[in-house]
Each structure stands twice: as structure tokens, then as C-alpha cells.
Amino acid sequence: MNIFSDFKVPEKKKLISIWKKMGPKDQDHFINQVALALSVWGSDEKGKKILVQIIDNMIQDGSSNLADFGLYPEFLDEDLIGKKSEKVQRAMNILESYRFKHGLPSEPNKLILGEE
């Protein structure tokens, strides 16, 4: 499964735009957090759907930095998580520790109105 196939063209463009504006450190933080999360809740189809929902929630919320990934699992739809809820909670704890260790903000970076 290619997770990007689950996104419509406007969301894909938004992801590319955000990625291009991010610095290398933030890109690494995004990749590391995604890898940590998938290693805990699994990289099966359901795990990838969880990943897609988190990224979609970030876009819809106006996050301007994909390194905010670790702040968004708490907003997951319970119906999607299902049996993985314990693993998702464990991943959230690990992501919180990762963010603290690397001095990442506890609030998402958001676009200012009119900014693109």
C-alpha cells in the first residue's frame, strides 16, 4: 500500500509544499517519529491507515511542519484504532519522550492566515 494513494491531489500538493519548506532536521524528526510509531502499532494495512489519518488531521488542522506528527495521534478516531488502541497509546508515550528529548514544541506549528 502506498499511503499517498489515500490522499487527494490538493492534500498531496499541501504535503509537498510543507515538506519543501521544512529544514533537514525537521524532515528527519518527521521520519523518525513515523518510524517509531509504525514500529509500535505495526506497519500492516491498519497501521498505515492510522498514519494516513494522522497526516490528514495535521493538514486539516493547519500544521505547517510535519515534525508535529507526534502531537496528533491523540486525535485519532477510536473506530479506526480498534484493537490497536493499547499500541497507539504506547506509541504516543514513546513519541512524547522523543519530542521532549529533542526539544520539539508541545504545540503544533500552524500557518498564519494568508500564508502558503
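This briefing describes the fold, the core and several individual residues of one protein. The model is predicted, so local features need pLDDT of at least 70 and side-chain atom pairs count only at pLDDT 80 or more, while totals for chains, interfaces and linings use all residues. Residues are numbered from 1 along each chain as its sequence is written, and side-chain values use heavy atoms, with hydrogens and water left out. The protein has 5 helices and 0 strands, where helices (H or I, at least four residues) and strands (E, at least two) are DSSP runs numbered from the N terminus.

**Overall form**

- Along the sequence, the elements follow the pattern α-α-α-α-α. With a radius of gyration of 14 Å, close to the 13 Å that the globule rule gives for 116 residues, the protein is as compact as a globular protein of that length. The radius is taken over C-alpha atoms, and the globule rule is 2.2 Å times the number of residues to the power 0.38.
- Taken along the principal axes, the box filled by the C-alpha atoms is roughly 40 × 35 × 20 Å.
- Of the contacts with a separation of 6 or more, 74% are between residues 24 or more positions apart; a contact means heavy atoms within 4.5 Å.

**Surface and charge**

- The accessible surface comes to about 7,100 Å², and carbon and sulfur atoms hold 54% of it. Accessible areas come from the Shrake-Rupley method with a 1.4 Å probe, and for residues only the protein chains shown count as cover.
- Buried residues make up 41% of the 116 residues. Buried means under 20% relative accessible area, exposed over 50%, and partly exposed in between (1.4 Å probe, protein chains only).
- The protein carries 17 positive and 18 negative charges, whose mean positions are 5 Å apart. Lys and Arg count as positive and Asp and Glu as negative, without His and the chain ends; each charge is placed at NZ of Lys, CZ of Arg, CG of Asp or CD of Glu.

**The nonpolar core**

- The largest nonpolar core has 28 residues, and those with the most contacts inside it are Trp41, Ile54, Ile55 and Phe69. Such a core is a set of buried Ala, Val, Leu, Ile, Met, Phe, Trp, Tyr and Cys residues joined through side-chain atoms within 4.5 Å.
- Two or more residues of this core come from each of helix H1 (9–21), helix H2 (24–41), helix H3 (45–61), helix H4 (78–81) and helix H5 (85–101). H3 gives the largest share, 7 residues.
- Not counting residues up to four places away in sequence, isoleucine 55 touches Ile3, Phe7, Leu15, Phe30 and Phe69.

**Residues in helix H2**

- Glutamine 33 is placed in helix H2 and is buried, at 0% relative accessibility. Apart from neighbours within four places in sequence, glutamine 33 contacts Ala67, Phe69, Gly70, Leu95, Tyr98, Arg99 and Leu104.
- Aspartate 26 also lies in helix H2 and is partly exposed, with a relative accessible area of 24%. Beyond residues up to four places away in sequence, aspartate 26 touches Asn65 and Ala67.

- Aspartate 61 belongs to helix H3 and counts as partly exposed at 33% relative accessibility. Not counting residues up to four places away in sequence, aspartate 61 touches Tyr72, Pro108 and Lys110.
- Leucine 80 is part of helix H4. With residues up to four places away in sequence left out, leucine 80 touches Lys46, Lys49, Ile50 and Gln53.
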